[in-house]
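Dear colleague,

Here is the model I said I would pass on. My notes on the two chains and their interface follow below it.

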Amino acid sequence: MPGWHDATKELQDAGKLQMVGIIQEQHPDRARLFMQWKKMGWPILVDSYNLLDVPVVPITLAIDEYGVIRQINPPRGDVDLLERTFLSQTFEPPASLAGERLTVPDLSSLRPPPRSGNVEAWKAYGDVLAVWGGAVRRDDAIGAYAAAIRSDADDAMAQFRLAVAYRMRYDSDARRDGDFNKAIEHWANALEIDPNQYIFRRRIQQYGPRLDKPYPFYDWVNTARAEVEARGEVPSPLVVEPRGAEFAHPTESFTPSEAPEAEPDPRGRVLRDESQFITIETIAVPPVIEPGATARFHIVFRPVEENLSHWNNEAEELAFWIDPPRGWEVERRYLTLPLPPEVVSQEARVLEVEVRAPEGSRSGSVTIPAYALYYVCEDVNGVCMYRRQDVELQVAVRRQ
Amino acid sequence: MVHHRKASILSLVMILSATCVTAVGAQGRRAATGFQVGQSFPEIAFPSLETDRPMSLADFRGKKLLLHVFASW
């Protein structure tokens, strides 16, 4: 796309061609940084929920002055051809020409479909709430898409959009336990229903294991920021920082660490975090794998605000030990997280690690025992302690 | 005469072949992208990345567009 931008710059400047983008990303702010980095200032429309129902990106369309598609994926960057076959052509208006400017629907007068409403009615209701209701109506959008799925569980797009809404809530202050897991579950459902839908596939791959990645998704972000700053500009801020899987490069083989790893609490003598100063959420991506395949676990640690819990950063770093069942492989059994410079802090911390199921796995749910060790304080100036919390990493295996 | 008929048949075959290839190509592209040449672009409003206000392609009526449906990854 930057290629098209550069190749058509003169035509754009002369007013002969208008560039427009529609982004199909979960986090549109990342596209804003991308546009700034590539110095592409044209209008961008946001379609995180894929209302367009496109199965793949990128798609380039040459659209005439009446809104009619004249070319699909014209040869990339071939401006001479585009001028001859599109820009210099005169097109007739279609028999019926829509074109009223569309406005935001009046959400105050919006009513849900009857309880007996079909999947399309619930999906349409959810679309309006999801796209135009913002964070205020996101729960309603989630309810509408869930109702759509109750009406027809095989509606792949309802599954996909429900997942998008869950992940958006997960990334917001209104996050609820399980939101990320539900997002992954419904994206996986959507992909199982329609395995040819690459937009569905990419959402899972964004968070999934390296063996399944087509490319690193957001490895360009740091380069973009550096180059934008070098130009004397302030990089467009990101609402959610990409991390872990979103930076990870694809790999063709699963290679567990061969370095000797010593278990930090083999006899289980460290006191358990009975007061739940820290909550631990685990998400397997994908949630169901075939024998021999890999899953990537996201392990999220959050100090509990009601308990005034804080990380104690003057002590040792958070440690995580995984004890895989026989035949299962794990990238590393012993993982740690570096400490931030502050003496105490309250941020969520995330570890990511990949596991591989044995070739001979049977179908069924598998629990991988693990535990975390961390230093936590009751309050900013409260008592600090060293605690252990046992964790179960859950993933399902399904033989085809 | 025979040559002329052969040439006609050959032309017909070529035209039919070209038509089939074109038709298959168009269908393939439609299946691959969800769009079809000659179809009006769907009238859907989306939030603008910069302003959050609704925008649709109707906002650009009267201009020739190169529309990119994309992701930054």
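Two residues are in contact here if they have heavy atoms within 4.5 Å. On that basis, among the contacts in chain A between residues at least 6 apart in sequence, 68% join residues at least 24 apart. Please keep in mind that this is a predicted model.

Chain A

Chain A has 400 residues, of which 52% count as buried. Its secondary structure comes to 10 helices and 15 strands. The C-alpha trace of chain A spans about 80 × 60 × 50 Å along its principal axes.

The interface

The size of an interface is often given as the accessible area lost when the parts come together. For chain A and chain B the buried area is about 5200 Å², with 67% of it on carbon and sulfur atoms.

As for polar interactions, 24 residue pairs are in polar contact between the two chains, counting pairs with both residues at pLDDT 80 or more.

Two salt bridges are found across the interface. One of them joins the side chains of A:Glu65 and B:Lys64, at 4.0 Å from N to O.

The chains also share strand pairing. β3 of chain A pairs with strand β3 (residues 65-70) of chain B in the antiparallel sense, over five bridges. Within this pairing, A:Leu61 has B:Leu67 in β3(B) as its bridge partner.

A:Arg30

One residue I looked at separately is A:Arg30, which lies in helix α3 of chain A. Is A:Arg30 buried or exposed? A:Arg30 counts as buried because its relative accessibility is 0%, and the cut-off for buried is under 20%. Its side chain reaches the backbone oxygen of A:Val240 at 2.9 Å. Beyond its neighbours within four places in sequence, A:Arg30 is in contact with residues of chain A including A:Glu25, A:Gln206, A:Tyr218, A:Trp220 and A:Glu246. The contacts of A:Arg30 also include B:Ser72, in chain B.

Regards

Definitions and conventions:
Residues numbered from 1 in each chain as written. Chains lettered and ligands numbered in written order. Predicted model: local features only at pLDDT ≥ 70, side-chain atom pairs only at ≥ 80, totals over all residues. Heavy atoms only, no water. Buried area = accessible area lost by both parts, 1.4 Å probe. Polar contact = N/O pair within 3.5 Å; in protein donor to acceptor, adjacent residues only side chain to side chain. Pairing = 2+ DSSP bridges. Helix = DSSP H or I, 4+ residues; strand = E, 2+ residues; numbered from the N terminus. Buried < 20%, exposed > 50% of the residue type's maximum accessible area, 1.4 Å probe, protein only.
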